[in-house]
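Let me put the model up, and then I'll walk you through a couple of spots in it.

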Amino acid sequence: MKKQPNSGWIVLCMVILILFLLVWQLLGGKTGGLPGPIPVAKSAWFFLSDPFYNNGPNDQGIGWLTMYSLARLATGFLLGTLFGVIMGVILGLNPVLFKALNPYIQVLRAISPVAWMPLLLYSVQNSGVTAVLVVFMASVWPTLANTAFGVSNIKKDYINIANILQMNPVVKVFKIILPAAGPTIVAGLKISMGSAWVAIVPAEALLGTLGLGYFVWNEWNNLSLTSVIFAVLVIGVVGVILDYLFTRLAMRLAYVD
Amino acid sequence: MIGKEPDKSHVGSIKSLNDPFDGDVSISHNCCGHSHSSTDIHQTADTEAIADRAIEEAVIRGLFKGNEVSRRKFMKLVGASTAMSVISSLFPLDAAKAWAKDASGALEKTDLKIGFIPITCATPIIMAHPMGIYEKYGLKGSNVVKAAGWAMIRDWAVNKQVDCAHMLSPMPLALTMGVGSTQTPFLMPAIENLNGQAITLANKHKDVKSPKDMKGFTFAVPFDYSMHNFLLRYYLAEGGVDPDKDVKIRVLPPPEMVANLKAQNLDGYLSPDPFNQRAVYENVGFIFKLSKELWSGHPCCAFATSQEFATTMPNSFKAVFNAIVDATAYSAKIENRKDIAQAIAPRNYLNQPVEVVEAVLTGQFSDGLGATRDEPDRIDFNPFPWNSMAVWILTQMKRWGYVKGDVDYKKIAEQVFLAGECAQIMREKGYSPPAETYKKHVIMGKEFDPHKPEEYLNSFTIKKM
């Protein structure tokens with residue numbers, strides 16, 4: 001039992017999938033219940049067979065919708081990362097400031113990013129910008145907290161060597177601090193990406209900005225549950241791919257002291 | 001002698017006309033090029049010149065009865081300026097030019113965005129797109145954009161993300177008064193549809209006969225500022241049930257109403273179609289009463305735009321107003337309904353099966369109690385925004401505590417519901433609008449006199465004022 005053959009987990013994984021589909025088929029598929037796996041597969045085939053069609057602003061292929069969501073995610077996430085890392089480094093290097101601001105950060109990060117949405121929409125008066133800001137709000141706090149933590153825990157030796165070499169502060173940040181805190185920062189980015197992807201769906205749904213989230217909402221408005229289930233699966237798969245990419249990035253940045 | 005009037009529907013899209021006084025070029029090719037960019041600062045001057053040219057061309061065409069060869073010969077013979085002065089002495093060109101510009105100047109913006117909610121009430125707004133009615137009025141590149149709820153479409157309209165919007169008819173009144181939103185003056189140039197709503201009850205309530213049997217029910221309506229809400233409250237109160245004390249009324253998006261009816265969280269709802277029919281189709285509810293049985297010909301949804309849009313882009317506003325009146329009149333004809341159902345059912349519009357849309361639009365449907373009904377006016381279309389309807393809505397907003405204090409009924413009604421303007425456009429198109437803008441309505445057998453709103457309010461015993 002010590003060394004399982006490599007294919008064992010794949011078999012188990014398939015068995016679980018088949019069991020799941022069977023249970024689904026038995027529970028759903030009745031009139032009035034959830035649609036079963038076969039109609040969902042049909043609807044998935046409809047959307048996947050032509051992912052990049054464009055019939056105007058209300059009907060575009062699933063490929064386009066995913067692109068819109070990813071573009072929104074990238075914009076908000078990059079803004080959040082920039083802000084989070086800069087603030088994180090500053091706070092990590094200033095323990096007093098970190099302690100003073102920490103209570104506020106804790107309160108802010110406990111707020112669901114979607115809860116900001118009405119206030120943001122009311123003040124910026126543009127649903128596209130609001131959606132990006134919601135993503136920003138979702139992605140900034142884990143990055144900030146992890147960066148500050150990583151920076152404040154860099155080995156004193158590294159800092160001392162930088163001081164002996166009389167590095168100027170900018171070089172010090174890029175040559176010593178960021179590489180040393182790199183793995184912690186990327187771990188924060190990974191959490192940020194996860195929560196940003198979670199936030200983008202309700203943000204798009206509530207704001208009506210074209211993307212996967214709005215797609216779910218519009219299909220729900222038409223009570224076409226097969227499309228809703230399909231879209232939920234797409235959202236899950238895209239999330240897994242994003243997470244995988246960050247795991248690869250984290251592996252490349254890891255180092256041994 | 002002018003032969004043909006300049007075709008108003010094309011003035012906005014004329015790009016480059018050849019000089020009719022030039023013997024070397026032909027004017028017989030046609031006029032409609034691409035739409036211009038609305039940011040071009042030369043556009044106004046350009047399009048004025050183009051309008052001038054259109055008039056000149058029309059006059060010349062009239063004179064030569066469309067004979068291109070004799071026009072060219074004549075122009076070459078006498079020269080453009082002589083021809084111009086000769087023709088001016090025969091026909092007051094300048095006056096004609098001024099009149100045409102006043103009637104329909106250059107469109108400030110042609111690629112309008114018009115928000116809609118995917119329900120059958122939006123029929124005229126939606127169908128004007130696939131059927132080319134917006135384009136007919138020069139609004140090239142205009143598009144209809146789907147919103148997922150009334151609050152969303154309100155925010156889009158207030159934030160100017162859309163130029164015009166499909167709203168519930170009480171919404172422009174509420175926005176103008178700043179009730180339930182920031183105060184923004186809105187206009188309602190036309191009513192989208194009449195009737196088109198129903199009270200749907202869960203299947204377990206098949207023995208319910210009157211409001212008395214509904215005490216303790218939980219109902220849903222799509223929005224606070226909706227005819228759905230006001231009609232449901234009116235219906236309950238007429239039967240002696242206080243809608244604020246004896247029942248619960250929740251605001252829910254219509255698809256969630258169907259899901260909640262199924263989950264037994266709701267006893268019934270008053271909602272727009274196709275969601276009443278959808279409950280029958282899902283076998284979870286039945287159509288208890290069509291809203292036309294409460295008030296035959298009541299207003300439902302509206303075509304609305306901000307006052308700012310109408311004043312800063314008067315020509316585009318007029319063009320879209322014309323398009324909507326056209327589309328509404330077209331929808332009013334029952335023989336067109338099948339074509340309309342075909343045009344608006346696809347994914348980018350309603351995203352419903354054609355048969356469902358057709359059942360609602362043609363009024364032949366099964367009610368969930370085993371009967372098949374034929375009600376051609378289940379949904380009806382008439383753009384004319386009676387000021388008296390606005391007054392009724394205001395009385396109900398006051399009755400149920402949405403507005404407090406004195407309400408200047410007629411002032412608000414006339415500011416928001418553009419009855420006079422709509423009548424003028426209807427007349428220009430050969431439809432016969434009513435001669436007056438106020439009339440008495442009968443709701444559940446009780447007469448409403450728009451000139452005595454306070455007396456009307458005082459006649460109710462159940463209210464929340």
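Let's start where helix 8 of chain A meets helix 10 of chain A: from helix 8, the contact residues include A:Val186, A:Leu189, A:Met193 and A:Trp197, and from helix 10 they include A:Leu242, A:Phe246 and A:Leu249. Please keep in mind that this is a predicted model. Sorted by class, this contact has 13 nonpolar, 3 polar and 2 charged residues. A:Lys190 in helix 8 and A:Asp243 in helix 10 are among the residues taking part.

How are the two helices arranged, at what angle and how far apart are their axes? Helix 8, residues 169-207, packs against helix 10, residues 225-253, at about 170°, and the axes are 9 Å apart. Angles over 145 degrees count as roughly antiparallel, so that is what we call helix 8 and helix 10 of chain A.

Now over to chain B, please. Here we have an open sheet of 5 strands, in the order 8-7-9-6-10, with mixed pairing. Strand 8 (248-251) and strand 10 (285-290) are at the edges; each has a single partner strand, so one side of each lacks a neighbour in the sheet. From one strand to the next, the twist averages 25°.

Looking inside the sheet, strand 7 (residues 218-221) and strand 9 (residues 268-272) of chain B pair in the parallel sense, over 2 bridges.

Note on methods. Residues are numbered from 1 along each chain as its sequence is written. Chains are lettered from A and ligands numbered from 1 in the order in which they are written. This is a predicted model: local features need pLDDT of at least 70, side-chain atom pairs count only at pLDDT 80 or more; totals for chains, interfaces and linings use all residues. Two strands pair if DSSP finds at least two bridges between them. Helices (H or I, at least four residues) and strands (E, at least two) are DSSP runs, numbered from the N terminus. Axes are lines fitted to C-alpha atoms, for helices over the stretch in contact, and angles run from 0 to 180 degrees between N-to-C directions. Angles under 35 degrees count as roughly parallel, over 145 as roughly antiparallel, 65 to 115 as roughly perpendicular and the rest as oblique. Two residues are in contact if their C-beta atoms, placed from the backbone, lie within 7 Å. Ala, Val, Leu, Ile, Met, Phe, Trp, Tyr, Cys and Pro count as nonpolar, Asp, Glu, Lys and Arg as charged, and the others, Gly among them, as polar.
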